[in-house]
Amino acid sequence: MLQTNETIKKLADKFGRKEESLLPILENVYEQKHIISEDDMVDIARELDISAAKVYGTATFYSFLETKKCGKYVIRICKTITCMMHGKNQIIKELEELLKVNLGETTPDGLFTLKETNCLGQCHKGPAMLINDAPFTELTPGKVRDIVNKYRQEEKQVAS
Amino acid sequence: MKEQVNLKIDNLSVSVDEGTTILEAAKKINIRIPTLCHHEDLCVAGNCRVCVVEQAGLDRLQPACANPVSEGMEIFTNSLKVRNSRKQIIELLIAEHRAECTTCYKNGKCELQSLTNEYIVGENGFIPLVPLKGYTVDEFSPSIIKDDSKCIRCQRCVRTCDQIQSISALTVAHKGGEMKVSTFFEKPIYEVVCTNCGQCVNRCPTGALTEKVYINEVWDALYNPEKFVVVQTAPAVRIALGEALDMKPGEIVTGKMVAALRRIGFNAVLDTDFSADLTIIEEGNELLHRLKRALKDKDPDVKIPMTTSCSPGWIKFIEHTFPDMLENLSTAKSPQQMFGALAKTFYAQKMGVDPANMVSVSVMPCTAKKFEANRPEMRASGYQDVDYVVTTRELALMVKQAGIDFGSLPDDDYDSIMGESSGAAVIFGATGGVMEAALRTVYEVVTGREVPFDGLNITPVRGMENVREASIKIEDPVPEWDFLDGVEVKTCVAHGLSNAKKVMEAVKSGKADYHFIEIMACPGGCLGGGGQPLPTSPEIRKKRSEAIYREDSGKKIRKSHENPEIVQIYEEFLHEPLGHKSHELLHTNYVARQRY
Ligand code: SF4
Ligand code: SF4
Ligand code: SF4
Ligand code: FES
Ligand code: FES
C-alpha cells in the first residue's frame, strides 16, 4: 500500500476526512509549499477517499491555488473589464520588463511569478493586483516599480 | 397519492403531481422544450439554459428543467423573449464550438446540431472564439475519444461518471472562460481511472465524447482477399441494432443482422452467444469448485463470493477500486475473449484456415470491449485474439455504408460451429441474465433437476432494481455434490458501478455473505452499454430488456449445457470444464491498478 505523506496526513487529521475538508486542506498545503503538486493531490484524494479528478477540479477552480511550481511571491493582475479599461495592459508590460519574464512565468531566482486573475472586487480602484494575499490598487507603472523594488529590498535584508 | 398541481402551459391546462418540473409537465401535453444539460438518468444541473421559459408575472426567464410547477402558474414556452434568448444561448455555444458537422462522427445524431438547425443559427452570430481556445483532442484510448473543441460544458458526462458509475474520472476544472471538462491533471483518459464503460459517451449531447471507431480497419480486412474475416455478435446487439436503423426500441433483429453481416462480406458469421454458453459452463464449474473447497474442504484460501467477469468495465473498475479483491473475480474470460481465443485455434483448425490470416471482429454493445481486446493478457491463441471491436452504432453505420436496406432483409442463420446458442446466452445482455443462466445450469448439475421456477424463468433476479438478492436452496443433490444438501446459495445482482461499489463494500466489510455476485458495469446490463444506439433512457432500456426475455423464451434450447455445439466442443477439443485447454484459452488473470 502506498503511504500518504505526513503533511497531508496531519492536515486530514486536523480537518477531518470529509469532502468538505478538501478546500481547507488544499489551502494549507499551498500555504506550506506554494504549490499543490500532483502527488499531493493523489494523497489528498486517498485520505478523503474521493476521486483525484475532483481534487484537481477544486484546486484549479480557485485561482489562488497553484498546481504548477510558482515563485515565492505570486503577482496576480486583474484582467477583468474595468481594470482592463483602466489600463492593466500597461501594468503588465511594466511588470514584464521589470521582472524580465512573460505572463505566466517565474523569475529565475524563484522570487516572482506573474499571472492574470479574474475580478478582485476592487473595480472602483482599478487597475488592481495581488501579491500573494496583499492587494494593490490604482496602479500606475511608477507605483508598480516601487512595489516590486520594496519586495526585492525586503528579500535582500532577510538574506543578509 | 401526491397533491395535484394545476397550471397552464402555452394556454393549455394541465394537472400534474406536485414536484413535477415544468419540463415534465410540458412533455405530458406534448410540448417539447429543448434541453442540453438535462438528461433523464441524471440529477438536474440547470447550467445550459436552453430550456428557459417565460412565467407570467416574472421578469426573469426560468429554466424549465430545474423548476417545479406551482398552482396557477402560467408558462409560455414559445414567446418572443424565450425564442430570442434561446437562440442567443445557442449562438453563444456555437461561438466556442468547433462546428464542423460534415466531418464530425456525431453528425446527424447530435443534440446541439439539431438545435442549431431548428433555430437556423446562421453566420451572424457571435465572433468565433475557437481559434483562441487551444483545444485538445485526446485520442490515446482504444475506447474513448475526448474532443474538447466539441464540448459545451453541460457536464452530463461528469454527472454520469459520478452518479451512475461512482468513479469521477471526469471533473470540471478551472473556471470562467477556461472552464473545461478534465481528467485528473488533464491526463489522457487512457492513463486515469476511467473504466471505458462509455456511459458518458451515451449521454454526451455532442461529438465531444465518442467511441474510437474501427470501421475502416474492418473494411480493409474485408477487402483483403488473403484474409479470412470472422465476426461474432454479442447478445445485446440484436435487440438494439434496429434502433440505429430506423426501427423502434425493442425490435429483435437477429436474422436481419446475420443477413446484413453476410452481405457486408464476412467469411463466417458467428455468435458470441455460443461463447456465452461456454462461459456458463466454465464459470458455473468454477463456482461449484470454489464452493466445494470452501464448504467441504474448508480451504481458507478460497475466495467466496465469486463475482462474474464478463463486463470489462467492471473488471477495470475492480482493478482500480478493490485491487485486494481480484481473487473474488471468476477467472473465466468474457464471452468475447473466449470466442476470440477459440476462433484462432479450434475454429481455424476446423476450417483449415491459417490463424495468421484470420481477422477476428466482434460487434459489441460496449466501448470497454475495445480496451479488453487490446489487453496484453488476451493473446492466448498466439495472436491478438480479437482484432477489432465495433459497437452496435458502428455496425449500423457499416450497414448504411454498404447500401443495405436493413428493414427489408430476409432473416438468415448463423454459420456453424460456434453459431448455435441457448436462451441462457441471450439473457447475458440484461442485468441478472448471467446469474439466471448460471443458476439454470448449476442447479441442474448439482441436483439433476431443472431449477424450480416456472418455465425456467428465474424472475427474482430479473428487473431494473439497482441491487437484487435471491437465494436458492439446494435439496436432494446428486452424490457428488452431497455437501451442498440444504445449503442456501445466496446470490446478488448489481448493475451500474455505483451499485457495484456498494455491494463490494458490503462484502469487504463482512456485512454481506453472498456466494455468487453478478455485476454489469452499465445500467440495465449490456443492453444499456456504452456502444448502444442513442439516445438512452430508462424507458428504452426497459423495451430492450423485454425483447431479450422474449428472445430467450422463443428459443428451443434454454440452458447452456444443452447447446449441442457446446457438447461438441468439449468432446472434440476442450475435453472437460476447467481442464488443461480451458485454462490455456478460456481463463485469465487480472492486474491491480492505482485507485487514484
Ligand atoms: S458536435 Fe454536433 S454541432 Fe458540433 S461539429 Fe459535431 S455534429 Fe456539429
Ligand atoms: S467511460 Fe465510464 S468511467 Fe470513463 S469517463 Fe466515461 S463514464 Fe467515466
Ligand atoms: S464532454 Fe459532452 S457531456 Fe461532457 S460536458 Fe462536454 S458536451 Fe457535455
Ligand atoms: S475589474 Fe479588476 S478588480 Fe474588478
Ligand atoms: S436543460 Fe435546463 S438548464 Fe440545461
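This is a predicted model: local features need pLDDT of at least 70, side-chain atom pairs count only at pLDDT 80 or more; totals for chains, interfaces and linings use all residues.
Residues are numbered from 1 along each chain as its sequence is written, chains are lettered from A and ligands numbered from 1 in the order in which they are written, and side-chain values use heavy atoms, with hydrogens and water left out.

Chain A contains seven helices and four strands; helices (H or I, at least four residues) and strands (E, at least two) are DSSP runs, numbered from the N terminus. Along the sequence these elements follow the pattern α-α-α-α-β-α-α-β-β-β-α. Taken along the principal axes, the C-alpha atoms of chain A fill a box of roughly 55 × 40 × 25 Å. Of the 160 residues in chain A, 45% are buried, where buried means under 20% relative accessible area, exposed over 50%, and partly exposed in between (1.4 Å probe, protein chains only). Among the contacts in chain A with a separation of 6 or more, 61% come from residues 24 or more positions apart; contact means heavy atoms within 4.5 Å.

The strands of chain A can be considered next. An open sheet of four strands has the order β2-β1-β3-β4 in chain A, with mixed pairing; two strands pair if DSSP finds at least two bridges between them. Strands β2 (112-117) and β4 (134-136) of chain A stand at the edges with a single partner strand each, so one side of each is left without a neighbour in the sheet. On average, neighbouring strands of this sheet are turned by 20° against each other, direction ignored. Within the sheet, β1 (residues 73-78) and β3 (residues 129-131) of chain A pair in the antiparallel sense over three bridges, and Arg76(A) stands opposite Leu130(A) in β3(A).

Gly126(A) and Pro127(A) are joined by a cis peptide bond with omega of about -10°, and Pro127(A) is placed in the loop between β2 and β3 of chain A. Glu138(A), a residue other than glycine, has a positive phi near 45°. Glu138(A) is found in the loop between β4 and α7 (141-159) of chain A and is partly exposed, with a relative accessible area of 44%.

In chain B, one helix pair may be examined in detail. Helices α9 (residues 272-296) and α15 (residues 433-447) of chain B pack at an angle of about 60°, with their axes 9 Å apart; axes are lines fitted to C-alpha atoms, for helices over the stretch in contact, and angles run from 0 to 180 degrees between N-to-C directions. On the α9(B) side the contact is made by Ile280(B), Ile281(B), Glu283(B), Gly284(B) and Leu288(B), and on the α15(B) side by residues including Val434(B), Ala437(B) and Thr441(B). The residues of this contact divide into nine nonpolar, two polar and one charged; Ala, Val, Leu, Ile, Met, Phe, Trp, Tyr, Cys and Pro count as nonpolar, Asp, Glu, Lys and Arg as charged, and the others, Gly among them, as polar.

Helix α5 (residues 156-164) of chain B has seven of its nine residues buried, so it is largely enclosed by the rest of the structure. Its buried residues are Arg156(B), Cys157(B), Val158(B), Arg159(B), Thr160(B), Cys161(B) and Ile164(B). These residues pack against α3 (111-118), β8 (171-173), β9 (180-182), α6 (199-203), β10 (209-211) and α16 (497-508) of chain B. After α5(B) comes Ser166(B), with a positive phi near 50°.

Cys161(B) is among the residues around ligand 2, together with others including Cys194(B), Cys197(B) and Cys200(B); a residue is near a molecule or strand if one of its heavy atoms lies within 4 Å of it. The shell around ligand 2 divides into seven nonpolar, three polar and no charged residues. Around ligand 3 there are 13 residues, of which Cys151(B), Cys154(B), Gln155(B), Cys157(B) and Cys204(B) come nearest. That shell has nine nonpolar, two polar and two charged residues.

Finally, chain B has backbone features of its own. A cis peptide bond with omega of about 5° joins Ser416(B) and Ile417(B), and Ile417(B) lies in the loop between α13 (392-401) and α14 (423-426) of chain B. His575(B), although not a glycine, has a positive phi of about 70°. His575(B) is found in the loop between α18 (564-574) and α19 (580-585) of chain B and, at 58% relative accessibility, counts as exposed.
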